[in-house]
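Here is a short note to read alongside the model. Please keep the viewer open and follow the points in order.

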Amino acid sequence: MSLRIPRALATAIVSFALMQPALAHEQTGVAGGVVSGLLHPVTGIDHLIAMVAVGIWGAQLGAPAIWILPITFPLVMAVGGVLGVLHVPLPMPEVMIAISAVILGVAVAARLRLPFSAAAVVVAIFAIFHGHAHGAELPRAANALAYGVGFVTATGLLHLLGIAIGALTRWPAGERVIQGLGAGIAGIGCYFLAQGVGALA
């Protein structure tokens, strides 16, 4: 099945892709741990699209995945955040975050029907790396616990946004829009993946 991406969506994808990735992770000027934590996932495009994709994919899979996946991600991400705060190294975190966007975007675009347990494992693995990135970039002035509460809350809200978008599957036209969004998420993920691999070279 060919995926047609609306012109407005394609324009948005290009605009997001041209943004400087560094802006997604530097929030040291934001005062307060909770506020800084809330802003961090929202201002990082690579994080944002992956978290929205989790909600959309959960909605596509239906119960219980529609609720378990968005609960699994923040909980496991919090563990990754602790690892990041403690500076426990993980292999190629930025590359893995980009890969998460690619795979989750493809899953949404293709309506990938994995068994619930397999989908939860996929989401949990990616959540570790997203959480690690948030924890490793904890602003010096921020309270670590408050910062963690902030980024976990923001992640949950992004998942809820994805679930709301996933409700469009009730209509044939909405399904096509979601497939286009999935393709767009995968495309943006490919951009960040190329950047991440290039930085390692």
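**Notes on the model**

1. The accessible surface of the protein chain comes to about 9,600 Å², and carbon and sulfur atoms hold 74% of that surface. These areas come from the Shrake-Rupley method with a 1.4 Å probe, and for residues only the protein chains shown count as cover. The model is a predicted one, where local features need pLDDT of at least 70, side-chain atom pairs count only at pLDDT 80 or more, and totals for chains, interfaces and linings use all residues. Residues are numbered from 1 along each chain as its sequence is written, and side-chain values use heavy atoms, with hydrogens and water left out.

2. The protein chain has 8 helices and 0 strands, so from the N terminus on its elements read α-α-α-α-α-α-α-α, where helices (H or I, at least four residues) and strands (E, at least two) are DSSP runs numbered from the N terminus. Of its 201 residues, 46% count as buried; buried means under 20% relative accessible area, exposed means over 50%, and partly exposed lies in between (1.4 Å probe, protein chains only). Among contacts with a separation of 6 or more, 82% join residues 24 or more positions apart, a contact being heavy atoms within 4.5 Å.

3. How do helix 3 and helix 4 cross, and at roughly what angle? Their axes come within 7 Å and cross at roughly 150°, which makes helix 3 roughly antiparallel to helix 4. Axes here are lines fitted to C-alpha atoms, for helices over the stretch in contact, with angles from 0 to 180 degrees between N-to-C directions; angles under 35 degrees count as roughly parallel, over 145 as roughly antiparallel, 65 to 115 as roughly perpendicular and the rest as oblique. On the helix 3 side the contact is made by Met-51, Val-54, Trp-57, Gly-58, Ala-59 and Leu-61, and on the helix 4 side by Ala-65, Ile-66, Leu-69, Pro-70, Phe-73 and Met-77.

4. Leu-69 is worth a look. Leaving aside residues up to four places away in sequence, Leu-69 touches Val-54, Trp-57, Gly-58, Leu-61, Ala-119, Ala-120 and Val-123. Val-122 of helix 6 is partly exposed at 22%; Val-122 and Leu-69 are 53 residues apart in sequence and 9.6 Å apart in space, C-alpha to C-alpha.

5. Gly-135 also lies in helix 6 and is buried, with a relative accessible area of 4%. Not counting residues up to four places away in sequence, Gly-135 touches Gly-81, Gly-84 and Val-85.

6. How many aromatic pairs does a search of the whole structure find? There are 2, with rings of Phe, Tyr and Trp (its six-membered ring) pairing if their centres lie within 6.5 Å; planes under 30 degrees apart count as stacked, over 60 as edge-to-face and the rest as tilted. Tyr-147 and Phe-151 are edge-to-face, 5.5 Å centre to centre with 75° between the planes. These two are 4 residues apart in helix 7 (residues 144-166), so about one helical turn separates them. Tyr-147 is buried at 1% relative accessibility, as is Phe-151 at 3%. Tyr-191 and Phe-192 form an edge-to-face pair as well, at 5.4 Å and 75°; Tyr-191 is partly exposed at 25%, whereas Phe-192 is buried at 9%.

7. Finally, some backbone points to check. Most residues other than glycine have a negative phi, and most peptide bonds are trans. The peptide bond from Ala-63 to Pro-64 is cis, with omega near 0°, and Pro-64 sits in the loop between helix 3 and helix 4. Met-92, in the loop between helix 4 and helix 5, has a positive phi of about 45° and is partly exposed at 44%. Arg-111, in the loop between helix 5 and helix 6, has a positive phi near 50° and is partly exposed at 30%.
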